[in-house]
Amino acid sequence: MARDHVVVIGAGMMGSGIAAMGALAGHKVTLVDVSLERAELGKAKAIDCINLRRDNDLVTAQEADAAVMNLSCDSDIPHAVESAFMVVEAIIEKLEAKQALFRQLDGLLPPEVPICSNTSGLRITEISALCEKHPERTVTTHFWLPAHLVPLVEVVMGDRTDEAVAVRVRDELKKWKKSPVLVRRDLPGQLANRIFQAIIRESIDIVASGLATAEDVDTAIAAGMAMRFPVWGPLTHLDAIGTNLGLSVQETVLPSICADRDANTYIKDMVARGDLGAKTGKGFYDWNERSIDEAIAKRDAFIIETCKVLNKLGG
């Protein structure tokens, strides 16, 4: 049997978006879940993702129609992976479940087929710990939510990953209209989340100290630095202003910003009170007065328009 399929195991929110992008790249994609019914639900979500891109002129109608035809479903892992040239795991974020799946896949697949995990927080070294045959072909492919819109994918090498495999996976994802980055060490938070957590840490500290409200912190980021980030990263910024000026600013500002190694007591107290954010109605904001659905729709609309601009700029 020809190995011409991308197999996505886990047909939930992330798996369906990943499947959509693989299908739009021209690949046959099989969505796998514990039951055929759940896999079919994932396929329907993947079609919604494809249609969203079509409706917003990110793909043509012909590309969307072809992608929908590329999607299929299965509930039998051994059968599904018989035709796989690449497997992406997107199941529950539990180490034991991922380890068991990777061990099964390691026994089923020939050594040239990479086994990828969409994990956002676990180390691929630990996920692949039970792979005895070919752990060198295991790699993290962390798609950022929503996977069908955000270009970033973090390709993370584990302690036993062959760099050539990681490079091959990265280059494949470029064909999916993704912007993959290669992360050569398997550390908590991978790459982008390490940066994001530093921003979150300082944001929480600013609110906790009374320097500004949550709304003003979000506004300062969204209307300031975030407006440049799609085409102007922080290291480009330093080169543009001069590293000597950047050093001067760091020496002035760093001594006064948060450098805690533990989570701020402000958010710990919120969690202890049961203020868990939108799902409980209150977090940093009162979600009884705001709509998280409207916030998500606004986020996605902005990402879509940003993608259009980046496409025009060749980014």
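## Exercises on backbone geometry and burial

Ala-147 has a relative accessible area of 2% and is buried. The model used in these exercises is predicted.

**Exercise 1.** Place Ala-147 in the fold and list its contacts beyond neighbours within four places in sequence.

*Solution.* Start with the secondary structure: Ala-147 sits in the loop between β6 and β7. Next, take the contacts: once neighbours within four places in sequence are set aside, Ala-147 touches Met-14, Gly-17, Ile-18, Met-21 and Lys-178. Then take a distance: from Ala-147 to Ala-20, the C-alpha atoms are 8.7 Å apart, although 127 residues separate the two in sequence. Finally, the class: buried means under 20% relative accessible area, and Ala-147, at 2%, is therefore buried.

**Exercise 2.** Which peptide bond is cis, the one that joins Leu-145 and Pro-146, and what is its omega?

*Solution.* The bond between Leu-145 and Pro-146 is cis, with omega about -10°. Pro-146 belongs to the loop between β6 (138-143) and β7 (152-157). For background, most peptide bonds are trans.

**Exercise 3.** Is Lys-177 buried or exposed, and is Gln-190 buried or exposed?

*Solution.* Begin with phi. Lys-177 has a positive phi, near 60°, and Gln-190 has a positive phi, near 55°. Most residues other than glycine have a negative phi. Now locate each residue. Lys-177 is in the loop between α7 (163-174) and β8 (179-183), while Gln-190 is in the loop between β8 and α8 (192-209). Last, apply the cut-offs, under 20% for buried and over 50% for exposed. Lys-177 has 52% relative accessibility, so Lys-177 is exposed. Gln-190 has 6%, so Gln-190 is buried.

Note on methods
Residues numbered from 1 in each chain as written. Predicted model: local features only at pLDDT ≥ 70, side-chain atom pairs only at ≥ 80, totals over all residues. Heavy atoms only, no water. Helix = DSSP H or I, 4+ residues; strand = E, 2+ residues; numbered from the N terminus. Buried < 20%, exposed > 50% of the residue type's maximum accessible area, 1.4 Å probe, protein only. Contact = heavy atoms within 4.5 Å.
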